[in-house]
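Q: I have a chain to go through and would like to learn how to read its features one by one. Where should we begin?

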Amino acid sequence: MSRRALVPGLVGLLSAAVALGVAELATAFTRPEAFPVSAVGAVVIDHVPAPVKDFAIATFGTSDKLALIIGILVLLALFGFAIGVAARRSLPLGVAGVALFGAIGVAAAAVRPDGRTADVLPSALGAAAGMIALALLSGTAPRGTGTAPRTAGAGRRPMEPAVGTDRRSFLLAGMGVGALALASGGVGRVLVDQSRVASWRSAVHLPKPAHPAPPLPHGVHPDVPGLASFVTPNRSFYRVDTALVLPHVSPGKWTLRIHGMVDREVELTFDELLRRPMIERDITLTCVSNEVNGGLVGNARWLGFPLADLLREAGVHRDADQILSRSSNGWTCGTPTAVVMDGRDAMLAVGMNGQPLPVAHGFPARMVVPGLYGYVSATKWVVDIELTRFADARAYWAQRGWAVKGPIHTMSRIDRPLSDVRAGRVAVAGVAWAQHRGIERVEVRVDDGPWHDARLAAVPSIDTWRQWVYEWDARPGTHRLQARATDRTGATQTPLESPTVPDGATGWPTVHVTAT
Ligand SMILES: Nc1nc2c(c(=O)[nH]1)N[C@H]1C(S)=C(S)[C@@H](COP(=O)(O)O)O[C@H]1N2
Ligand SMILES: [Mo]
């Protein structure tokens with residue numbers, strides 16, 4: 001990079017930092033989602049094509065959102081630099097550049113599905129501050145090397161003007177330190193601030209279930225190291241959602257409205273919900289974006305109130321075949337009414353493994369429906385349920401090319417061995433799931449040999465995954481291990497490999513290991 005671009009570039013960077021810093025201050029009057037970086041990120045998330053979303057999940061896993069924020073910040077820094085260089089040429093051009101970025105932030109905040117007018121403030125005020133900073137700093141920065149007339153003398157660098165240098169350093173240093181502190185505070189806050197909602201959450205006292213989950217049968221979990229535990233701890237439970245900033249939903253203000261094609265609207269507060277007789281059930285959740293042998297699946301003990309009972313109170317019209325639920329951050333989900341009403345333990349959940357729902361998993365309330373992928377059933381931070389028809393309304397992922405209905409494919413996963421082994425007896429183990437149909441059988445095959453029945457662990461119901469183990473006598477050499485599950489309807493997991501889009505990946509899990 002040429003040295004003469006450096007100072008103007010840094011001036012641009014600093015102006016961008018000032019803009020973010022002031023925007024951060026302004027979010028205090030709105031909410032973290034209105035921070036320009038978050039607002040733009042949310043729009044990106046809502047508009048990326050499915051393959052890009054899949055790529056992001058595959059590449060960055062649960063850090064996909066962090067990667068997005070860092071990406072936006074890097075872009076912002078590059079453009080800030082360019083704007084600074086442009087401003088050295090023409091200040092109005094630079095100021096227009098900042099204005100353009102402000103406008104992008106304002107537009108992003110304005111198009112949010114749960115947008116509020118005040119959300120445009122941080123971007124607007126930030127841009128104004130960025131323009132002022134750019135004007136001040138560009139005005140005081142030295143106009144030395146770059147624009148000096150060449151006639152000044154060959155081979156001799158023109159000296160920087162003495163006047164203004166002190167003022168410039170003072171301004172630069174002062175604004176720089178302040179702005180960077182504020183801006184990093186903003187980014188940090190967006191990423192980690194959970195204190196407010198954490199205190200709401202710790203104030204929640206969950207009721208005892210009126211219908212406790214049956215005790216876990218002995219032997220749900222074969223003693224094989226490396227096998228996923230039957231109950232997935234909350235902290236390691238996979239997380240998938242479109243929320244760049246986790247919604248902070250106060251239980252004191254939370255209500256759930258049930259409306260649309262119903263006889264009478266129902267509105268429920270959190271206290272009213274907690275006073276209802278709760279069921280407690282072990283249910284395995286799975287994401288439609290889970291690759292074969294992937295980790296977007298987890299099993300927890302949920303506490304909640306049956307959704308079917310709530311819907312009966314509202315009186316669902318016969319032709320309302322879709323339950324369109326909506327979260328506090330505007331995400332929507334379409335669930336077949338018939339599935340929720342067929343007697344399975346679909347619930348409005350408030351507890352997960354004995355705790356109030358973690359914020360990342362929907363605090364204070366979410367839906368859980370055994371047998372359906374999360375994108376058509378498991379609305380977190382749910383605040384609204386509209387009874388409608390599939391013919392009349394499309395939910396978030398259905399609008400983006402994913403299947404309108406998403407029953408879970410019968411699936412098995414090999415958890416171990418995943419790396420090379422000693423020849424001899426090796427426990428091949430994993431999990432299999434076909435929620436609400438149940439797992440009847442899991443078979444394993446080595447290379448192109450015959451299929452062998454794996455030993456199935458006990459399960460409390462047909463709504464959870466099931467652990468399995470196959471004792472393999474490993475001969476030296478490199479081998480291919482494959483598994484396939486059969487559900488209790490008799491259907492065996494298909495060998496046909498299909499991608500996650502539009503209705504979930506299929507195929508047999510396959511691992512290659514070398515026994516020595
Ligand atoms: N509000 C909201 N709820 C949501 C989503 C979302 O993006 N927003 N994603 C769904 C998807 S795709 C899945 S797989 C499950 C994941 O639930 P978990 O994060 O608790 O594992 O949540 C569902 N509920
Ligand atoms: Mo999902």
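A: Begin with a proline: Pro-364 sits in the loop between β8 (355-356) and β9 (366-368). The model is predicted. Most peptide bonds are trans. The bond from Phe-363 to Pro-364 is cis, with omega near 5 degrees.

Q: Which residue does a cis peptide bond join to Pro-502, and where does Pro-502 lie?
A: Val-501 is joined to Pro-502 by a cis bond with omega of about 5 degrees. Pro-502 belongs to the loop between β17 (477-487) and β18 (510-515).

Q: How should I read the phi of Asn-353?
A: Most residues other than glycine have a negative phi. Asn-353 has a positive one, near 50 degrees. Asn-353 is in the loop between β7 (347-352) and β8, and its relative accessible area of 22% makes it partly exposed. Asp-447 also is not a glycine and has a positive phi, about 55 degrees. Asp-447 is placed in the loop between β13 (439-446) and β14 (452-453) and is partly exposed, at 28% relative accessible area.

Q: Is Glu-33 buried or exposed?
A: The cut-off for buried is under 20% relative accessible area. Glu-33 has 12%, so it is buried. Glu-33 is found in the loop between α1 (3-27) and α2. Not counting residues up to four places away in sequence, Glu-33 touches Ser-38, Ala-39, Val-245 and Pro-247.

Q: At roughly what angle do the axes of α2 and α4 cross?
A: The axes of α2 (residues 36-47) and α4 (residues 64-89) cross at roughly 120 degrees and come within 10 Å. The crossing is right-handed. On the α2 side the contact is made by Val-37, Val-40, Gly-41, Val-44 and Ile-45, and on the α4 side by Leu-68, Ile-69, Ile-72 and Leu-73. Of these residues, eight are nonpolar, one is polar and none is charged.

Q: Which residues have the most contacts inside the largest nonpolar core?
A: They are Trp-254, Leu-256, Ile-258, Leu-273, Trp-302, Leu-348 and Ile-385, in a core of 89 residues. Leaving aside neighbours within four places in sequence, the contacts of Ile-385 include Leu-256, Ile-258, Leu-307, Leu-311 and Met-367. Another core, of 21 residues, lies apart from the largest one, with Ile-414, Ala-432, Ala-434 and Val-446 among its members.

Q: What is the average pLDDT of the chain?
A: The average is 89, and 91% of the residues score at least 70. Over residues 144-163 the pLDDT is below 50, and this stretch has seven contacts in the model beyond near neighbours in sequence. Where pLDDT is low, the predicted coordinates should not be read in detail.

Note on methods: Residues are numbered from 1 along each chain as its sequence is written. Chains are lettered from A and ligands numbered from 1 in the order in which they are written. This is a predicted model: local features need pLDDT of at least 70, side-chain atom pairs count only at pLDDT 80 or more; totals for chains, interfaces and linings use all residues. Side-chain values use heavy atoms; hydrogens and water are left out. pLDDT is the predictor's confidence in each residue, from 0 to 100. Contact means heavy atoms within 4.5 Å. A nonpolar core is a set of buried Ala, Val, Leu, Ile, Met, Phe, Trp, Tyr and Cys residues joined through side-chain atoms within 4.5 Å. Buried means under 20% relative accessible area, exposed over 50%, partly exposed in between (1.4 Å probe, protein chains only). Axes are lines fitted to C-alpha atoms, for helices over the stretch in contact, and angles run from 0 to 180 degrees between N-to-C directions. Helices (H or I, at least four residues) and strands (E, at least two) are DSSP runs, numbered from the N terminus. A crossing is left-handed if the near helix is turned anticlockwise from the far one by less than a right angle, and right-handed if clockwise. Ala, Val, Leu, Ile, Met, Phe, Trp, Tyr, Cys and Pro count as nonpolar, Asp, Glu, Lys and Arg as charged, and the others, Gly among them, as polar.
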